[in-house]
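Here is a walk through a structure, starting from its inside and working out to the places where its parts meet. Keep the 3D view open as you read.

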Amino acid sequence: MKNKTIMTVLKKVGAVALTGAMTMSLLAGCGTTGPADGAAAGAAGTEGGESAPATEAAASGDGASFTIFNSKMEIQDQLVEMASKYSEEKGVNVEVYYSSDTVAAHLSTRYASGEPYTLAMVDAKDVYSLAAEHALDLSGEDWVKDTTNAIAIDGKTYGFPVCVEARGIIYNADAIKKVTGKDFNPDDYATLDSFTALIEELKAGGMATPVGIMKEDWSLAAHYLAEVYEQREDPDAFVKELNAGSTDIGADEKFNSMMDTFDVLKANNYAAGSAISAEREVTEQKLAEGEIAFMFGGNWDWSVINAYDYSENMGIMPVPQNMDDGTNTKLVGGGSKFFIIDSSENTSAAQAQAAKDFLNWLVYDEAGQDFIVNTCALVPAFSNITLPVADPLGASVKKYADAGSLIANYNYLPDDHYSVLGAAFQKYLADQTDRPGFATEINTYWKGVTLAAH
Amino acid sequence: MERNKMSYKVSQFLMFAGPASILFLGTVIIPFIYGLYLTFTSWDGVSKAKPFVGLTNYMAAFADAPYWQALGRTVVYSIFSVLFINIVAFLLAYMVTSGVKGQNFFRAGFFIPNLIGGIVLGYVWKFVFNRAFVAIAESISGGTAPSLLSTTNGAMFCLILVSVWQYAGYMMLIYVAGFMSVPESLKEAAMIDGCNTFQATMNVTIPLMRASFVQCIFLSITRCFMVYDLNLSLTKGEPFNSSVMAAMHVYNQAFTYKNYGTGQAEALILFVVCAIIGVTQVYIGKKGEVAA
Amino acid sequence: MEEKRTAGSGLSRALMMIVLIIFFLAFVLPFVLVIINVFKTKGDINSAPLALIGSHGFILSNFPEAMKKMDFWRVFGNSTIITTCSTILTILVSCMAAFVIVRNNKWKACALLFSAMIASMVIPFQVLMVPLVSVYGGLFGVLNHRLTLILLHTGFSVSMATFMFHGAIHTNIPLELEEAAYIDGCTRWQTFWKIVFPLLKPTVATVAIIDAMAFWNDYLLPSLVLQKKELYTIPIATQAFYGTYSTDIGLVMAALLLAMLPILILYLFLQKYIVKGVTSGAVKG
């Protein structure tokens, strides 16, 4: 009896072990499929610089394969679709990835793991921090001459601008006309006084709360507050003064001018009582459907608005201000989202070339141009692309850009600026602090940061 | 006897604990040591250079006021969460072992939140707080209503509420097991001696369930201290960064603000705090019990 | 296991029932809300989140669209393979380790391993994240294999599982049984699989359930290890999906429901065993 049980146990153990082994081999089999495994093999020898490209090229046959990291959520769908078409036509295998993580966090794990994206779409500030070690010098590319929006560091171009984006007040002209009975011309409302008068008129006409405010920290701090730095001759000098503590932002004319406008927006916010929990979706739906008429934002908001029953006549206008320095006739913006090509040994020459070809395709091929302008509804960052911009917000931006009425982005804000001052701005929005209190927080923040050299 | 020979010990250990040791060493210990090394560098997370800077990161961590605020907040959050998780779990366990109709059905129902990961849970609850509750409040008051998530205390309350909701069912099952391990005869004896049901529970059942309490409290403390998923998907630190818990601050410090070394040092401090509290709790709880 | 407490009057019993029902409703409320909103367009969800049917009517299209976009069947397959293998492996290696630790608690190696495992249970994962990818990606280049994730999953969960098996062997397995087996001439290996392992069944069930749930729902580790689309698991796909389509809340609802559905169905089938498994193994930690 004893022997019998032992035997059954041993049989069971054997069976388990066998299943285990089978599973392992099966899994190992699964794991080694997929075209880009050569990269992993190449990375196995830590510094296997020479062998990696060879393995890669062999593994992928004729065409190279490369990966794109997309950090622009709105166009993920379009990019994926385009990639599969592009792969078919060019015989190059393109895969598109997206992460809702911050760009730096996500790329950090990819660099650490030795699996960088061939082509990564990053924000301007990331180009500055990544270029030196991770990005390929693209100065020799044709498209450099056709744009003023690329990012160059020390005379070398690293960042390929994906589009032009600008910030201002988004308006719904149809909604305004419905109340006032007159065609809305944004140029008439450049000053805060005239803007306030219009708001009063709208309120009198039955639109009780004509404004929506996005409470997101990036919108408040990185977009609205940033204009305080950007709308002046030398933002760099101003930031340095703040950092040194030699300037009090509370006494700054521009700051007060922008905040005066913000106060008007705030007072007429449809979600005044719950400003901090107003959901972006809901706000943009109201704007699209004409329940409210104004919202501070940028042309990227179109991707949200166009999902609803939007009104025909919408656009972006400069932030109205009483300060008479000409900035109230300009939007703030410029090149936005930049492609960099990985320069590490994990990316083969063939892959880098395929990525370069892709960038050229975007700029010079009709299909590429069509993709940027019509499929993704972006404002192109290249002067040779003449296709009319598809969406109304983009059209506004293009109009200002063509007229030279764009104030440049300030791309050197510290990484925690949007978070720390976004929180402070939210407090102001929720009436938990007043303007002097807010100004004090800004002053304190700037005194505590270390400015990166650029 | 040959059992005392070194070679016997080694071969036995390797045979049984070998695979576990190797996997554990490889996945936890080696990265941990490498992580420890990184706290002595000023690496930014993306560059290739990892300059050695000694204790600078620890000094930065100790001087990082928002980190200590986040840690303090985490302590407050953990105290309330652990308390309510265990109270609710215990009460539920009491009720579903009392022989009411459909107790198995209830046990299953209360366990459902455990089936879903923290991130998904957070998004679902965010929808509940920001849309559903607001819609209810608006239909009652007739005007616009703020979401609970929009106030400092409200956001904290929501985090605690969802944590309780998430873990109570799991802890309940451990308490159920505790209730079931106490022999009915002991309670009956107590009741014959003149105790009522309440007294019998307080004086007989609860003391015998000590192991369950120790285990539940240990599990809830460690989970609350390291909360991240829920924090990220439910409040994202809002409003005004007032609901940023320690783990989220660590993550932001390391990746968003690109001070990887400092973030890692702060994470290690979190680990030490967490380990001290957890171990102390188990130690106190196990004292007086038969040694495990 | 049928426990009945005779105490309590009809009134307190009714009260208890009411409290239980209230709690039950609170526990399932979020799921109900997801379910009613998944059949609406996003506009309707924004304007009337509580309505049973939106003004655009009852729509089913969120499902097929979400399934297509998250590539549901492939990620479902990946999740299934990874969860199953990791769970089996974790159980096998941890119960063996627990056995040698319990029975030889004077050996230094055992004591060291066990204390290291206990301590590791409170390491925040963020501490290990980048070192982990640096070692396994940068140094060995073994990311993007399901096997790597399975081994890492096992490595991370082995402490908790060993801890649970430790308690179970310590309290529930009488030493006499094993000694009888040795006298009969069994080796330790045979004794373990023949005598001890069968007695551990309740704990095996517990560990299986807890770990399977954890593996199925884990996001952070898989997202670091599996960076290629064809290897994505359900949580990665859900998260990528939420990030990408967060503007389309109807689709997100459908994706959330799809993500929880498999485990919910499994749970309904295994419900009885799950409750038993968690409870029986948990008495002694």
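Let's start in the middle: the largest nonpolar core has 315 residues, and A:Ile340 and B:Met172 are the ones with the most contacts inside it. The biggest contribution to this core comes from helix H6 of chain B (residues 152-181), which puts in 18 residues. Chain C is in on it too, with at least three residues from each of its domain 1 (10-63) and domain 2 (71-282). Bear in mind as you look around that this is a predicted model.

Zoom in on B:Met172 for a moment. Leaving aside residues up to four places away in sequence, B:Met172 touches B:Ala89, B:Leu92, B:Ala93 and B:Phe110. As background, nonpolar side chains tend to be buried together in soluble globular proteins.

What does its secondary structure come to? Chain B is more spread out than a compact globule, because its radius of gyration is 24 Å, well over the 19 Å that the globule rule gives for 292 residues. Along the principal axes, the C-alpha trace of chain B spans about 85 × 75 × 30 Å. Even so, 52% of the 292 residues of chain B count as buried. As for how the chain meets itself, take the contacts in chain B between residues at least 6 apart in sequence: 71% of them join residues at least 24 apart.

Next, chain C, which is divided into domain 1 (10-63) and domain 2 (71-282). Taken over C-alpha atoms, the centres of these two domains of chain C are 33 Å apart. Where they touch, domain 1 of chain C supplies 10 residues and domain 2 of chain C supplies eight. On the domain 1 side, the elements giving two or more residues are helix H1 (10-37), helix H2 (42-47) and helix H3 (62-69) of chain C. H1(C) gives the most to that side, with three residues. By class, the domain 1 side splits into five nonpolar, three polar and two charged residues.

What about the contacts between chains? Chain C puts 78 residues in contact with 77 residues of chain B. The chain C side of that contact is made up of 55 nonpolar, 17 polar and six charged residues. Over where chain A meets chain B, the contact takes 23 residues from chain A and 19 from chain B. Helix H5 (103-112), helix H6 (124-134) and helix H17 (417-429) of chain A each supply at least two residues of the chain A side, and H5(A) has the largest share, five residues. That chain A side has nine nonpolar, nine polar and five charged residues.

H5(A) turns up again in a helix pair with chain C. At what angle do H5(A) and helix H6 (residues 125-139) of chain C pack? The angle is about 35°, with the axes of H5(A) and H6(C) 7 Å apart. From H5(A), the contact uses A:Ser108, A:Thr109 and A:Ala112, while H6(C) brings C:Val130, C:Val133, C:Ser134, C:Gly137 and C:Gly138. Sorted by class, the residues of this contact are three nonpolar, five polar and no charged.

Note on methods:
Residues are numbered from 1 along each chain as its sequence is written. Chains are lettered from A and ligands numbered from 1 in the order in which they are written. This is a predicted model: local features need pLDDT of at least 70, side-chain atom pairs count only at pLDDT 80 or more; totals for chains, interfaces and linings use all residues. The radius of gyration is taken over C-alpha atoms; the globule rule is 2.2 Å times the number of residues to the power 0.38. A residue is buried if 20 or more other C-beta atoms lie within 10 Å of its own, exposed if 12 or fewer, and partly exposed in between; C-beta atoms are placed from the backbone. Two residues are in contact if their C-beta atoms, placed from the backbone, lie within 7 Å. A nonpolar core is a set of buried Ala, Val, Leu, Ile, Met, Phe, Trp, Tyr and Cys residues joined through C-beta atoms within 7 Å. Helices (H or I, at least four residues) and strands (E, at least two) are DSSP runs, numbered from the N terminus. Domain bounds come from an automatic or database domain assignment. Ala, Val, Leu, Ile, Met, Phe, Trp, Tyr, Cys and Pro count as nonpolar, Asp, Glu, Lys and Arg as charged, and the others, Gly among them, as polar. Axes are lines fitted to C-alpha atoms, for helices over the stretch in contact, and angles run from 0 to 180 degrees between N-to-C directions.
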